[in-house]
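Hi,

Here is the structure I promised to pass on. Have a look at it first, and then read on for what turned up.

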Amino acid sequence: MSRRFVLTLSCPDRPGIVAAVASTLANLGGNILESQQFDDPRTGRFFMRVLLEPVAGESIEEAHLRGAIAAVAQRFEMDFDLRLADAPYRTILMVSKFGHCLNDLLFRWRSGGIAMDVAAVVSNHRDLEPLVASYGVPFHYLPVTPQTKAEAEAALLTLVEELDVDLVVLARYMQILSDGLTQRMSGRIINIHHSFLPSFKGAKPYHQAYERGVKLVGATAHYVTADLDEGPIIEQDAIRVDHRMAPEDLVRAGQECEERVLARALRWHCESRVMLAGDRTVVFS
């Protein structure tokens, strides 16, 4: 089976971008299988995602493809990324004590539902170590206190480098990452949280929501930035709830929503379908 590539690019919007990209790929013997694009009137930038493969009986060297695209990128002041379509994203999953998202992602990974390679699970507690062991994934215990926070983050960055990690997923990791870490890994950390924020902060948000009689329970997946829980949003969802539901019912409904939203966001990221556009995202879902 011929190798497929995914090309993503963004640049200032101007005529001729699509024609230049398409002709460059055609001249190299590339067959475009899927193409999506978006002109962002807010920023004046153009975004594009292309899935391609060599025409029948041909082959394309990645180095030649990258060089040809680089020439187009220079002409159009373009940022681009090129990946093999079936290359999994090396991923670290981080978790504290709530294991629903972790368990869901490990199952999806093991069953081939997300194009990632789970390199390790990192936690500031040992509660979920048996679950991780059942999947045969290395578990790293990094306790975090105000005194050890810098040391724990340094150990995390060492793991990222040693394991050649592309992405870190906060699967209900209940520690705030430092500005230095989030800036260093900009666009490479995804978080999930309930969508009650900023209304119900702190402990037991679902119980707070129950007391207020909320009618919607939701979840948000976003890239992590220095602004707590305010990074560029990748995916959101919500479900209706009513007065018959106890706080425990809201918790269960919210956790199921978190699982679905995080899985979709992670799958789209690992398929190179998400592009940063300032404080927003373009998602070619």
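Let's start with a pair of side chains: D279 and R42 meet in a salt bridge, 3.3 Å from N to O. By salt bridge I mean a side-chain nitrogen of Lys or Arg within 4 Å of a carboxyl oxygen of Asp or Glu. This one links distant parts of the chain, with the two residues 237 apart. D279 sits in the loop between β12 (274–277) and β13 (280–283), while R42 is in the loop between β2 (30–40) and β3 (45–54). (Helices here are DSSP runs of H or I with at least four residues, strands are runs of E with at least two, and both are numbered from the N terminus.) D279 counts as exposed because its relative accessibility is 55%, and R42, at 42%, counts as partly exposed. The cut-offs for relative accessible area are under 20% for buried and over 50% for exposed, with partly exposed in between (1.4 Å probe, protein chains only).

Before going further, a word on where this comes from: it is a predicted model, in which local features need pLDDT of at least 70 and side-chain atom pairs count only at pLDDT 80 or more, while totals for chains, interfaces and linings use all residues. Residues are numbered from 1 along each chain as its sequence is written, and side-chain values use heavy atoms, with hydrogens and water left out.

Back to the charges. How many salt bridges does a search of the whole structure find? The search gives 17. Among them is E153 with K149, at 3.9 Å from N to O. Both residues lie in helix α5 (residues 149–162), four residues apart, or about one turn of the helix. E153 is buried, since its relative accessible area is 12%, whereas K149 has 27% and is therefore partly exposed. E129 also forms a salt bridge with R126, and their closest N and O atoms are 3.0 Å apart. E129 counts as partly exposed at 29% relative accessibility, and R126 does too at 46%. There's a network as well: salt bridges link E34, R49, E271 and R273.

Next, a pair of helices. α3 (residues 100–110) and α8 (residues 247–270) pack at about 45°, with their axes 9 Å apart. The axes are lines fitted to C-alpha atoms over the stretch in contact, and angles run from 0 to 180 degrees between N-to-C directions. α3 and α8 are therefore oblique to each other; that is the class left over once under 35 degrees is called roughly parallel, over 145 roughly antiparallel and 65 to 115 roughly perpendicular. On the α3 side, the contact (heavy atoms within 4.5 Å) is made by H100, C101, D104, L105 and R108. On the α8 side, Q255, E258, E259, L262, A263 and L266 take part.

Which residues of α3 are buried? They are H100, C101, L102, D104, L105, L106 and W109. What covers them includes β5 (89–95), β6 (116–123), α4 (129–134), β8 (167–170), β9 (189–194) and α8. Just after α3, G112 takes a positive phi of about 80°.

One last stop is A238, in strand β11 (residues 233–240). A238 counts as partly exposed, as its relative accessibility is 41%. Neighbours within four places in sequence aside, A238 is in contact with L216, V217, G218 and C257. From A238 to P146 the C-alpha to C-alpha separation is 35 Å, and the two are 92 residues apart in sequence.

Cheers
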